[in-house]
Amino acid sequence: METDFLIVGQGLAGTVLSFRLMQLGQRVVVFDTPEQNKSSRVAAGLYNPITGNQMVKTWNADLLFPEIVPTYRQLEQLLGKLFLVEKKIYRPFLSIEEQNEWMGKSAEPEFQGYFEQVFQQPVYAEVNNPFGGIMLRNSGYLDIPTLLDGYQEYLLQRDSMRLEKLVEEELEFGNEYSVKYRDIKAKAIVLCNGLGAMGSKLFDAYPFAPVKGEIIDLTQSFSPEEIINRGVFRITLAKGKQRVGSTYSWHDLDEGPTDRAKNEIMEKLEKLVPEPVDKIVHHRFGIRPATKDRKPILGKHPDIEGVYMFNGFGAKGVSLIPYFSKVMCAWMLAGVEPEKEVNLLRWSKT
(Lines give C-alpha, C1' and ligand atoms only; values in the text may rest on other atoms or scores of the structure.)
Protein backbone atom coordinates (compact mmCIF):
# COMPACT_ATOMS: atom_id res chain seq x y z
CA MET A 1 0.00 0.00 0.00
CA GLU A 2 1.29 3.45 -0.91
CA THR A 3 0.30 6.66 0.86
CA ASP A 4 1.64 10.15 1.40
CA PHE A 5 1.53 10.51 5.19
CA LEU A 6 1.46 8.18 8.18
CA ILE A 7 -0.23 10.04 11.05
CA VAL A 8 0.40 8.62 14.52
CA GLY A 9 -2.45 9.50 16.87
CA GLN A 10 -6.06 10.45 16.19
CA GLY A 11 -6.59 12.91 18.97
CA LEU A 12 -7.59 16.43 18.02
CA ALA A 13 -4.18 17.22 16.49
CA GLY A 14 -4.05 14.11 14.32
CA THR A 15 -7.67 14.50 13.29
CA VAL A 16 -7.42 18.09 12.09
CA LEU A 17 -3.98 17.69 10.49
CA SER A 18 -5.01 14.59 8.52
CA PHE A 19 -8.20 16.38 7.43
CA ARG A 20 -6.14 19.34 6.18
CA LEU A 21 -3.83 17.04 4.26
CA MET A 22 -6.72 15.26 2.56
CA GLN A 23 -8.25 18.62 1.66
CA LEU A 24 -4.98 19.31 -0.16
CA GLY A 25 -5.21 16.05 -2.10
CA GLN A 26 -2.83 14.04 0.08
CA ARG A 27 -3.36 10.41 1.03
CA VAL A 28 -3.16 9.53 4.73
CA VAL A 29 -3.14 6.48 6.95
CA VAL A 30 -3.81 7.15 10.63
CA PHE A 31 -2.62 4.83 13.42
CA ASP A 32 -4.38 5.13 16.74
CA THR A 33 -5.31 3.31 19.93
CA PRO A 34 -8.42 5.23 21.09
CA GLU A 35 -8.11 4.23 24.74
CA GLN A 36 -4.96 6.39 24.91
CA ASN A 37 -6.75 9.57 23.76
CA LYS A 38 -7.69 10.61 27.29
CA SER A 39 -6.37 14.14 26.94
CA SER A 40 -8.52 14.98 23.91
CA ARG A 41 -11.57 13.05 25.04
CA VAL A 42 -11.71 14.51 28.55
CA ALA A 43 -10.97 18.11 27.55
CA ALA A 44 -13.85 20.56 27.90
CA GLY A 45 -13.01 21.91 24.44
CA LEU A 46 -13.42 25.57 25.39
CA TYR A 47 -12.13 28.30 23.06
CA ASN A 48 -11.91 31.70 24.67
CA PRO A 49 -10.30 34.89 23.31
CA ILE A 50 -9.72 36.56 26.71
CA THR A 51 -7.93 34.32 29.19
CA GLY A 52 -6.06 34.12 32.47
CA ASN A 53 -6.37 35.90 35.78
CA GLN A 54 -5.23 39.13 34.12
CA MET A 55 -7.93 38.84 31.42
CA VAL A 56 -5.63 39.36 28.46
CA LYS A 57 -6.18 38.55 24.79
CA THR A 58 -4.97 35.03 24.20
CA TRP A 59 -1.64 34.56 22.42
CA ASN A 60 -1.89 35.03 18.64
CA ALA A 61 -5.68 35.44 18.84
CA ASP A 62 -5.88 37.44 15.60
CA LEU A 63 -4.28 34.54 13.70
CA LEU A 64 -5.94 31.68 15.56
CA PHE A 65 -9.57 32.68 15.92
CA PRO A 66 -10.49 33.28 12.26
CA GLU A 67 -9.64 29.60 11.59
CA ILE A 68 -11.63 27.99 14.41
CA VAL A 69 -15.24 28.09 13.23
CA PRO A 70 -14.59 27.47 9.50
CA THR A 71 -12.39 24.44 10.24
CA TYR A 72 -14.81 22.69 12.58
CA ARG A 73 -17.84 23.56 10.44
CA GLN A 74 -16.11 21.93 7.47
CA LEU A 75 -15.54 18.81 9.56
CA GLU A 76 -19.20 18.85 10.63
CA GLN A 77 -20.26 19.00 6.99
CA LEU A 78 -17.91 16.14 6.07
CA LEU A 79 -19.07 13.88 8.91
CA GLY A 80 -22.74 14.85 9.05
CA LYS A 81 -22.49 15.54 12.79
CA LEU A 82 -22.69 18.63 14.99
CA PHE A 83 -19.98 19.22 17.59
CA LEU A 84 -19.07 22.92 17.52
CA VAL A 85 -21.17 25.02 19.93
CA GLU A 86 -20.76 28.76 19.53
CA LYS A 87 -21.55 30.40 22.87
CA LYS A 88 -20.86 33.75 24.46
CA ILE A 89 -18.73 33.82 27.61
CA TYR A 90 -19.52 36.06 30.55
CA ARG A 91 -16.52 37.00 32.70
CA PRO A 92 -17.32 38.89 35.92
CA PHE A 93 -15.05 41.71 37.03
CA LEU A 94 -13.26 41.32 40.36
CA SER A 95 -12.99 45.03 41.13
CA ILE A 96 -14.13 48.49 40.08
CA GLU A 97 -10.57 49.05 38.78
CA GLU A 98 -10.92 46.09 36.42
CA GLN A 99 -14.28 47.40 35.27
CA ASN A 100 -12.74 50.78 34.50
CA GLU A 101 -9.84 49.17 32.66
CA TRP A 102 -12.21 47.26 30.38
CA MET A 103 -14.35 50.31 29.78
CA GLY A 104 -11.19 51.83 28.33
CA LYS A 105 -10.21 48.72 26.37
CA SER A 106 -13.65 48.54 24.79
CA ALA A 107 -12.71 51.49 22.58
CA GLU A 108 -9.48 49.87 21.35
CA PRO A 109 -9.66 48.33 17.84
CA GLU A 110 -7.68 45.21 18.81
CA PHE A 111 -10.48 44.04 21.12
CA GLN A 112 -13.45 44.87 18.89
CA GLY A 113 -13.91 41.37 17.49
CA TYR A 114 -13.83 39.60 20.83
CA PHE A 115 -16.32 41.25 23.14
CA GLU A 116 -19.97 42.21 22.83
CA GLN A 117 -20.61 44.43 25.82
CA VAL A 118 -19.08 45.70 29.05
CA PHE A 119 -21.54 45.66 31.96
CA GLN A 120 -21.11 48.00 34.91
CA GLN A 121 -23.89 46.36 36.92
CA PRO A 122 -24.54 42.71 37.83
CA VAL A 123 -25.92 40.63 34.95
CA TYR A 124 -27.01 37.50 36.84
CA ALA A 125 -28.50 37.31 40.32
CA GLU A 126 -27.05 33.81 40.69
CA VAL A 127 -23.46 34.85 39.89
CA ASN A 128 -21.01 36.67 42.13
CA ASN A 129 -20.65 39.71 39.86
CA PRO A 130 -21.13 42.89 41.93
CA PHE A 131 -18.94 44.92 39.55
CA GLY A 132 -20.57 43.64 36.37
CA GLY A 133 -18.47 41.92 33.73
CA ILE A 134 -17.65 41.52 30.07
CA MET A 135 -19.62 39.47 27.55
CA LEU A 136 -17.26 37.85 25.07
CA ARG A 137 -18.04 36.57 21.61
CA ASN A 138 -16.03 34.55 19.09
CA SER A 139 -16.08 31.84 21.76
CA GLY A 140 -17.69 28.52 22.66
CA TYR A 141 -16.74 24.87 22.96
CA LEU A 142 -16.14 21.76 20.89
CA ASP A 143 -17.70 18.38 21.66
CA ILE A 144 -14.41 16.59 21.03
CA PRO A 145 -15.52 12.95 21.60
CA THR A 146 -18.29 13.31 18.99
CA LEU A 147 -15.76 14.72 16.50
CA LEU A 148 -13.17 12.00 17.19
CA ASP A 149 -15.69 9.16 16.99
CA GLY A 150 -17.23 10.47 13.78
CA TYR A 151 -13.85 11.02 12.14
CA GLN A 152 -12.62 7.57 13.14
CA GLU A 153 -15.68 6.04 11.47
CA TYR A 154 -15.01 8.14 8.37
CA LEU A 155 -11.38 6.99 8.17
CA LEU A 156 -12.33 3.35 8.67
CA GLN A 157 -14.79 3.57 5.79
CA ARG A 158 -11.99 4.95 3.60
CA ASP A 159 -9.55 2.22 4.73
CA SER A 160 -7.35 5.05 6.05
CA MET A 161 -7.33 3.97 9.71
CA ARG A 162 -5.41 1.36 11.68
CA LEU A 163 -6.73 0.76 15.19
CA GLU A 164 -3.39 -0.39 16.52
CA LYS A 165 -0.22 1.02 17.99
CA LEU A 166 2.50 1.82 15.49
CA VAL A 167 5.71 -0.03 16.48
CA GLU A 168 8.60 2.34 15.82
CA GLU A 169 11.15 -0.47 15.71
CA GLU A 170 9.50 -1.70 12.50
CA LEU A 171 9.88 1.62 10.67
CA GLU A 172 12.36 1.72 7.81
CA PHE A 173 13.81 4.91 6.32
CA GLY A 174 15.76 5.89 3.26
CA ASN A 175 13.88 4.00 0.58
CA GLU A 176 12.29 5.63 -2.45
CA TYR A 177 9.21 6.47 -0.36
CA SER A 178 11.16 7.82 2.68
CA VAL A 179 9.20 5.74 5.21
CA LYS A 180 8.21 2.08 5.14
CA TYR A 181 6.10 0.38 7.77
CA ARG A 182 5.21 -3.27 7.16
CA ASP A 183 3.19 -3.22 3.91
CA ILE A 184 2.85 0.60 3.82
CA LYS A 185 5.15 2.97 1.94
CA ALA A 186 4.81 6.68 2.78
CA LYS A 187 6.51 9.97 2.01
CA ALA A 188 6.47 11.08 5.64
CA ILE A 189 5.39 10.21 9.17
CA VAL A 190 3.97 12.73 11.66
CA LEU A 191 3.77 12.11 15.41
CA CYS A 192 0.54 13.61 16.76
CA ASN A 193 0.16 11.25 19.71
CA GLY A 194 0.41 13.66 22.63
CA LEU A 195 2.23 12.26 25.64
CA GLY A 196 2.57 8.96 23.80
CA ALA A 197 5.41 10.66 21.94
CA MET A 198 7.48 11.01 25.11
CA GLY A 199 8.73 7.45 24.68
CA SER A 200 9.52 7.89 21.00
CA LYS A 201 12.93 6.87 19.72
CA LEU A 202 12.61 9.11 16.66
CA PHE A 203 13.45 12.25 18.65
CA ASP A 204 15.89 12.20 21.53
CA ALA A 205 13.77 14.24 23.91
CA TYR A 206 10.48 16.05 23.89
CA PRO A 207 10.40 19.25 25.97
CA PHE A 208 7.05 18.32 27.46
CA ALA A 209 5.77 19.59 30.80
CA PRO A 210 2.64 17.45 31.23
CA VAL A 211 -0.32 19.04 33.01
CA LYS A 212 -3.09 17.07 34.65
CA GLY A 213 -6.56 18.58 34.43
CA GLU A 214 -9.81 17.48 36.03
CA ILE A 215 -13.41 18.48 35.23
CA ILE A 216 -16.75 17.78 36.88
CA ASP A 217 -20.22 17.37 35.39
CA LEU A 218 -22.93 18.27 37.92
CA THR A 219 -26.47 19.52 38.26
CA GLN A 220 -27.32 22.97 39.58
CA SER A 221 -30.53 24.96 39.13
CA PHE A 222 -28.88 27.90 37.31
CA SER A 223 -28.73 27.16 33.55
CA PRO A 224 -27.74 30.28 31.57
CA GLU A 225 -27.25 30.19 27.82
CA GLU A 226 -23.80 31.75 28.22
CA ILE A 227 -20.65 30.16 29.61
CA ILE A 228 -19.66 31.70 32.95
CA ASN A 229 -15.90 31.89 33.37
CA ARG A 230 -13.81 33.32 36.18
CA GLY A 231 -11.56 31.08 38.25
CA VAL A 232 -13.42 28.14 36.74
CA PHE A 233 -15.53 27.78 33.61
CA ARG A 234 -19.13 26.66 33.86
CA ILE A 235 -20.86 25.39 30.71
CA THR A 236 -24.57 24.55 30.51
CA LEU A 237 -24.96 21.18 28.81
CA ALA A 238 -28.04 19.26 27.70
CA LYS A 239 -30.46 17.62 30.16
CA GLY A 240 -29.83 20.14 32.93
CA LYS A 241 -26.16 19.36 33.45
CA GLN A 242 -23.29 21.80 33.88
CA ARG A 243 -19.60 21.17 33.22
CA VAL A 244 -17.15 22.85 35.56
CA GLY A 245 -13.37 22.99 35.55
CA SER A 246 -10.56 22.85 35.11
CA THR A 247 -7.65 22.23 37.41
CA TYR A 248 -4.00 22.50 36.38
CA SER A 249 -1.45 20.30 38.16
CA TRP A 250 2.18 19.97 37.09
CA HIS A 251 3.11 17.77 40.06
CA ASP A 252 0.36 15.21 40.58
CA LEU A 253 0.33 13.25 37.32
CA ASP A 254 -1.10 10.04 38.73
CA GLU A 255 -3.88 8.30 36.87
CA GLY A 256 -7.35 8.94 38.22
CA PRO A 257 -9.45 11.83 39.58
CA THR A 258 -8.54 13.26 42.99
CA ASP A 259 -10.42 14.65 45.97
CA ARG A 260 -7.99 17.58 46.02
CA ALA A 261 -9.03 18.65 42.52
CA LYS A 262 -12.72 18.05 43.22
CA ASN A 263 -12.55 20.25 46.32
CA GLU A 264 -10.67 22.94 44.40
CA ILE A 265 -13.27 23.01 41.62
CA MET A 266 -16.21 23.01 44.02
CA GLU A 267 -14.74 25.81 46.14
CA LYS A 268 -14.13 27.98 43.08
CA LEU A 269 -17.61 27.22 41.76
CA GLU A 270 -19.16 28.28 45.06
CA LYS A 271 -17.35 31.62 44.84
CA LEU A 272 -18.50 32.12 41.24
CA VAL A 273 -22.04 30.69 41.38
CA PRO A 274 -23.07 30.31 45.03
CA GLU A 275 -26.11 28.16 44.25
CA PRO A 276 -26.66 24.70 45.81
CA VAL A 277 -25.21 21.78 43.82
CA ASP A 278 -27.77 19.00 43.48
CA LYS A 279 -25.54 16.17 42.35
CA ILE A 280 -22.08 15.39 40.96
CA VAL A 281 -22.64 13.28 37.84
CA HIS A 282 -19.10 12.67 36.54
CA HIS A 283 -15.58 13.51 37.69
CA ARG A 284 -12.92 12.93 35.02
CA PHE A 285 -9.28 13.67 34.36
CA GLY A 286 -6.81 13.94 31.52
CA ILE A 287 -3.08 14.62 31.23
CA ARG A 288 -2.37 17.29 28.64
CA PRO A 289 0.74 17.28 26.42
CA ALA A 290 1.81 20.81 27.33
CA THR A 291 5.33 22.17 26.83
CA LYS A 292 7.70 24.10 29.06
CA ASP A 293 6.94 27.39 27.33
CA ARG A 294 3.23 26.60 26.73
CA LYS A 295 3.69 26.78 22.95
CA PRO A 296 3.02 23.90 20.54
CA ILE A 297 5.74 21.81 18.89
CA LEU A 298 6.00 21.79 15.13
CA GLY A 299 9.06 19.68 14.49
CA LYS A 300 11.14 18.15 11.72
CA HIS A 301 13.77 15.54 12.42
CA PRO A 302 17.24 17.05 11.87
CA ASP A 303 18.70 13.90 10.33
CA ILE A 304 15.93 11.62 9.06
CA GLU A 305 14.03 12.83 6.02
CA GLY A 306 10.24 12.67 6.24
CA VAL A 307 9.90 12.55 10.04
CA TYR A 308 7.83 15.29 11.72
CA MET A 309 5.91 16.01 14.88
CA PHE A 310 2.77 18.07 15.48
CA ASN A 311 2.21 18.10 19.19
CA GLY A 312 2.24 19.89 22.55
CA PHE A 313 -1.03 21.84 22.29
CA GLY A 314 -1.91 21.60 25.97
CA ALA A 315 -5.19 23.04 27.23
CA LYS A 316 -5.79 25.30 24.21
CA GLY A 317 -5.74 22.72 21.45
CA VAL A 318 -9.21 23.59 20.15
CA SER A 319 -8.10 27.13 19.31
CA LEU A 320 -4.47 26.40 18.35
CA ILE A 321 -4.80 23.37 16.08
CA PRO A 322 -6.91 24.78 13.20
CA TYR A 323 -4.38 27.53 12.45
CA PHE A 324 -1.19 25.57 13.12
CA SER A 325 -2.39 22.60 11.08
CA LYS A 326 -2.30 24.96 8.07
CA VAL A 327 1.18 26.07 9.07
CA MET A 328 2.27 22.44 9.37
CA CYS A 329 0.89 21.56 5.94
CA ALA A 330 2.71 24.51 4.40
CA TRP A 331 5.95 23.23 5.94
CA MET A 332 5.57 19.61 4.86
CA LEU A 333 4.20 20.30 1.37
CA ALA A 334 5.87 23.56 0.39
CA GLY A 335 8.89 23.84 2.68
CA VAL A 336 7.61 26.97 4.45
CA GLU A 337 9.24 26.58 7.85
CA PRO A 338 7.23 27.90 10.84
CA GLU A 339 8.45 30.69 13.06
CA LYS A 340 10.90 29.80 15.82
CA GLU A 341 8.25 30.45 18.48
CA VAL A 342 6.58 27.11 17.68
CA ASN A 343 9.46 25.34 15.93
CA LEU A 344 11.16 22.49 17.78
CA LEU A 345 14.44 24.21 16.91
CA ARG A 346 13.75 26.80 19.61
CA TRP A 347 15.27 24.31 22.07
CA SER A 348 18.32 23.66 19.91
CA LYS A 349 21.67 24.59 21.48
CA THR A 350 23.14 25.56 18.13
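In what order do the three strands of the open sheet with β3 stand, and is their pairing parallel or antiparallel? The order is β3-β10-β6, and the pairing is antiparallel.

## Basis of the description

This is a predicted model, in which local features need pLDDT of at least 70 and side-chain atom pairs count only at pLDDT 80 or more, whereas totals for chains, interfaces and linings use all residues. Residues are numbered from 1 along each chain as its sequence is written, and side-chain values use heavy atoms, with hydrogens and water left out.

Helices (H or I, at least four residues) and strands (E, at least two) are DSSP runs, numbered from the N terminus. Two strands are taken to pair if DSSP finds at least two bridges between them.

β3 and strand β10 (residues 140-142) run antiparallel and are joined by two bridges, and Y47 has G140 of β10 as its bridge partner.

## The six-stranded sheet

A further open sheet has six strands in the order β11-β2-β1-β15-β22-β21, and its pairing is mixed. Its edge strands, each pairing on one side only, are β11 (161-162) and β21 (297-300). Within this sheet, β1 pairs with strand β2 (residues 28-31) in the parallel sense over four bridges, and V8 stands opposite F31 of β2. Strand β15 (residues 188-191) and strand β22 (residues 307-311) also run parallel, joined by three bridges, with I189 opposite V307 of β22.

Strand β1 (residues 5-8) is covered on both faces, since F5 and I7 on one side and L6 and V8 on the other are all buried, where buried means under 20% relative accessible area, exposed over 50% and partly exposed in between (1.4 Å probe, protein chains only). In a regular strand the side chains alternate between the two faces of the sheet. Helix α1 (residues 12-23) lies across β1, β2, β15 and β22 and runs at about 165° to β1; axes here are lines fitted to C-alpha atoms, for helices over the stretch in contact, and angles run from 0 to 180 degrees between N-to-C directions.

Strand β18 (residues 232-236) is largely enclosed by the rest of the structure, because five of its five residues are buried. V232, R234 and T236 point one way from β18, whereas F233 and I235 point the other way.

β17 and β18 run antiparallel and are joined by three bridges, with N229 opposite F233. These two strands form a hairpin with one residue between them, and G231 in the turn has a positive phi of about 85°. β18 also pairs with β19 in the antiparallel sense, over four bridges, and I235 stands opposite R243 of β19. The hairpin of β18 and β19 has four residues between the strands, and K239 in this hairpin takes a positive phi near 60°.

In helix α4 (residues 96-105), the residues E98, Q99, W102 and K105 are buried. They lie on the same side of α4, because they cover an arc of only 120° around the axis, the arc being that of the directions from the helix axis to the C-beta atoms. An α-helix has 3.6 residues a turn, so residues three or four places apart point the same way. The cover over the buried residues of α4 includes β4 (50-51), β7 (89-92), β8 (115-119), β9 (133-136) and β17 (227-230), with contact meaning heavy atoms within 4.5 Å.

The axes of helix α3 (residues 61-79) and helix α7 (residues 317-334) come within 8 Å and cross at roughly 90°. That makes α3 roughly perpendicular to α7, on a scale where angles under 35 degrees count as roughly parallel, over 145 as roughly antiparallel, 65 to 115 as roughly perpendicular and the rest as oblique. Residues making the contact include L63, L64 and F65 of α3 and P322, Y323 and F324 of α7.

## Backbone exceptions

Most residues other than glycine have a negative phi, and most peptide bonds are trans. The peptide bond from G245 to S246 is cis, with omega near -5°, and S246 is found in the loop between β19 (241-245) and α6 (259-272). N60, in the loop between β5 (56-57) and α3, has a positive phi near 60° and is partly exposed, with a relative accessible area of 24%.
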